[in-house]
Amino acid sequence: MTNHVHNTLAIICKHITEGKKPILHVSHEKDGIWSFYCNESDHDQNNVDAACLNCIFENEPSVAELKNLEAGYDAMRILQEMDIWDIQKIQETH
Ligand SMILES: [Zn+2]
Ligand SMILES: [Zn+2]
């Protein structure tokens, strides 16, 4: 069983949590918030959930290698079938 501290620092889309989609886009915002999205484009407050970051990393081995992703960076999975990630600095939007 898991013995980590549960936290709610992550945002994850329901397409993933409902088991339909793989995680294809992970971002670690400068403010420390992590988000995990699939390749759907219609992400809004109706289809995202807050989740425990540690649980995501435990339950989703495909993203394990992103655990040390620095704040201010995001990662896109290059191919859905492979755990190869293209890591880019998040562009400032102002
Ligand atoms: Zn947890
Ligand atoms: Zn999604």
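Trainee: How many residues lie between β2 and β3 in their hairpin, and which residue in the turn has a positive phi?
Mentor: β2 and β3 form a hairpin with 5 residues between them. G32 in the turn has the positive phi, about 95 degrees. Bear in mind that this is a predicted model: local features need pLDDT of at least 70, side-chain atom pairs count only at pLDDT 80 or more, and totals for chains, interfaces and linings use all residues. Residues are numbered from 1 along each chain as its sequence is written, while chains are lettered from A and ligands numbered from 1 in the order in which they are written.

Trainee: What pattern does the chain follow along the sequence?
Mentor: β-α-β-β-β-α-β-β. That is 2 helices and 6 strands. Both are DSSP runs numbered from the N terminus: helices are H or I with at least four residues, strands are E with at least two.

Trainee: What is the strand order in the sheet?
Mentor: β4-β1-β3-β2-β5-β6. The sheet is open, with 6 strands and mixed pairing. Two strands pair if DSSP finds at least two bridges between them.

Trainee: Which strands stand at the edges?
Mentor: β4 (48–51) and β6 (85–89). Each has a single partner strand, so one side of each is left without a neighbour in the sheet. The twist averages 20 degrees from one strand to the next. Those angles run from 0 to 180 degrees between N-to-C directions, with axes as lines fitted to C-alpha atoms, for helices over the stretch in contact.

Trainee: Parallel or antiparallel for β1 and β3?
Mentor: Parallel, joined by 3 bridges. A10 has W34 as its bridge partner in β3.

Trainee: And β2, parallel or antiparallel to β3?
Mentor: Antiparallel, with 4 bridges. β2 covers residues 25–28. It also runs antiparallel to β5 (residues 73–77), again through 4 bridges. V26 stands opposite F36 in β3, and its bridge partner in β5 is A75.

Trainee: New topic. How many residues has the largest nonpolar core?
Mentor: 16, and A10, I12 and F36 have the most contacts inside it. β1 (10–13), β3 (34–37) and α2 (53–59) each supply at least two of its residues. Such a core is a set of buried Ala, Val, Leu, Ile, Met, Phe, Trp, Tyr and Cys residues joined through C-beta atoms within 7 Å.

Trainee: What does I12 touch?
Mentor: T17, F36, V48, D49, A51 and I56, leaving out residues up to four places away in sequence. Touching here is contact: C-beta atoms, placed from the backbone, within 7 Å.

Trainee: I like cysteines as handles. Where is C55 found?
Mentor: In helix α2. C55 is partly exposed, because 16 other C-beta atoms lie within 10 Å. The cut-offs are 20 or more for buried, 12 or fewer for exposed and partly exposed in between, using C-beta atoms placed from the backbone.

Trainee: And what does Y73 touch?
Mentor: H28, I87, Q88, K89 and I90, not counting residues up to four places away in sequence. Y73 sits in strand β5.

Trainee: Last one. What radius of gyration does the chain have?
Mentor: 13 Å. A compact globule with 94 residues would be near 12 Å, so the value agrees. The radius is taken over C-alpha atoms, and the globule rule is 2.2 Å times the number of residues to the power 0.38. Of the 94 residues, 21% count as buried.

Note on methods:
Contact = placed C-beta atoms within 7 Å.
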